[in-house]
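Colleague: I have a new model open on the screen and would like to talk it through. Could you take me around it?

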Amino acid sequence: MSKNPPTPSITADYAQRVTDDLSANRTEQERVRAELARLQEELVRLEESEQVLTKMQEVLGTTPKQTARKNKGSKTAAVPAARRSNGKTAAGKTGTNTGGKTSKKAASPKKPGEPTWLELTTAHLTAQNEPKSAAEVSSALTEAHPERAVQVAVVRNTLEQGVAQGLFERSKQGRSVFYTPVVAVSAQSGS
């Protein structure tokens with residue numbers, strides 16, 4: 001019977017520790033929420049300031065291409081803003097709207113009526129006799145379409161999209177990846 005009396009004491013100690021830990025956890029959550037709200041408000045102010053400065057830069061007619069690059073960078077800031085709206089804070093909703101405007105400008109480099117990246121890469125690869133890397137395709141597209149800002153990462157993603165859709169075939173040679181159109185591959189294997 002000497003073993004039974006200490007058990008309630010141990011249980012009470014653990015219960016007290018759990019209660020204390022839970023209280024500390026809730027206090028820390030509130031502190032982090034307050035800091036997050038402050039940072040969200042600061043981000044919204046910075047995004048609004050960026051928009052004003054961008055408009056001023058456009059009015060002055062200085063380097064609009066750099067602004068487009070900065071807008072793409074702020075697109076990554078829009079991701080937390082979207083998550084923020086689940087917290088239902090006013091600053092989060094404002095940040096989401098601001099981020100949405102910014103990402104729309106950065107996401108539409110193509111003018112209406114221009115071919116898509118997939119159409120451009122398909123046309124280029126179909127005209128080739130040998131597999132091409134993403135870098136080779138992007139440099140060829142840069143030469144063929146100087147009015148469009150061609151990025152190797154965009155071309156690589158487009159080529160991978162074509163692979164997923166069954167338009168291109170991917171082959172590896174060492175560490176390099178090469179792409180060929182599926183039509184050319186099936187024509188070669190039929191010969």
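This is a predicted model: local features need pLDDT of at least 70, side-chain atom pairs count only at pLDDT 80 or more; totals for chains, interfaces and linings use all residues.

Colleague: Which pattern does the chain follow along the sequence?

Modeller: Helices (H or I, at least four residues) and strands (E, at least two) are DSSP runs, numbered from the N terminus. The chain has 7 helices and 2 strands. Read along the sequence, the pattern is α-α-α-α-α-α-β-β-α.

Colleague: What share of the residues in the chain is buried?

Modeller: Buried means under 20% relative accessible area, exposed means over 50%, and partly exposed is in between (1.4 Å probe, protein chains only). The chain has 191 residues, and the buried share is 23%.

Colleague: Which residues does Leu118 touch, leaving aside its neighbours within four places in sequence?

Modeller: Leu118 belongs to that largest core. Contact means heavy atoms within 4.5 Å. With those sequence neighbours set aside, the partners of Leu118 are Thr158, Gln161, Gly162, Gln165, Leu167 and Phe168.

Colleague: Which charged residue sits over the ring of Trp117?

Modeller: Trp117 is another member of the core. A charge sits over a ring if NZ of Lys or CZ of Arg is within 6 Å of the ring centre and within 35 degrees of the ring normal. Here the charged end is 4.3 Å from the centre of the Trp117 ring, and it belongs to Arg148.

Colleague: Which residues are linked with Arg38 in a network of salt bridges?

Modeller: A salt bridge is a side-chain nitrogen of Lys or Arg within 4 Å of a carboxyl oxygen of Asp or Glu, and by this rule the count comes to 7. Arg38 meets Glu35 at 2.7 Å, N to O, and Glu42 with the closest N and O atoms 3.1 Å apart. Glu35 and Arg38 are 3 residues apart in helix H1, so about one helical turn separates them, and Arg38 and Glu42 are 4 residues apart in H1, also about one turn. The residues networked with Arg38 are Glu35 and Glu42.

Colleague: Is Lys132 buried or exposed?

Modeller: Lys132 forms a salt bridge with Glu130 (3.4 Å, N to O). Glu130 has 49% relative accessibility, so it counts as partly exposed. Lys132 has a relative accessible area of 13%, so Lys132 is buried.

Colleague: Which backbone oxygen does the side chain of Thr54 reach?

Modeller: Thr54 lies in helix H1 (residues 6–60), and with 10% relative accessibility it counts as buried. Its side chain reaches 2.7 Å to the backbone oxygen of Glu50.

Key
Residues are numbered from 1 along each chain as its sequence is written. Side-chain values use heavy atoms; hydrogens and water are left out. A polar contact is a pair of N or O atoms within 3.5 Å; within protein, one must be able to donate a hydrogen and the other to accept it, and residues adjacent in sequence count only if both atoms are side-chain atoms. A nonpolar core is a set of buried Ala, Val, Leu, Ile, Met, Phe, Trp, Tyr and Cys residues joined through side-chain atoms within 4.5 Å.
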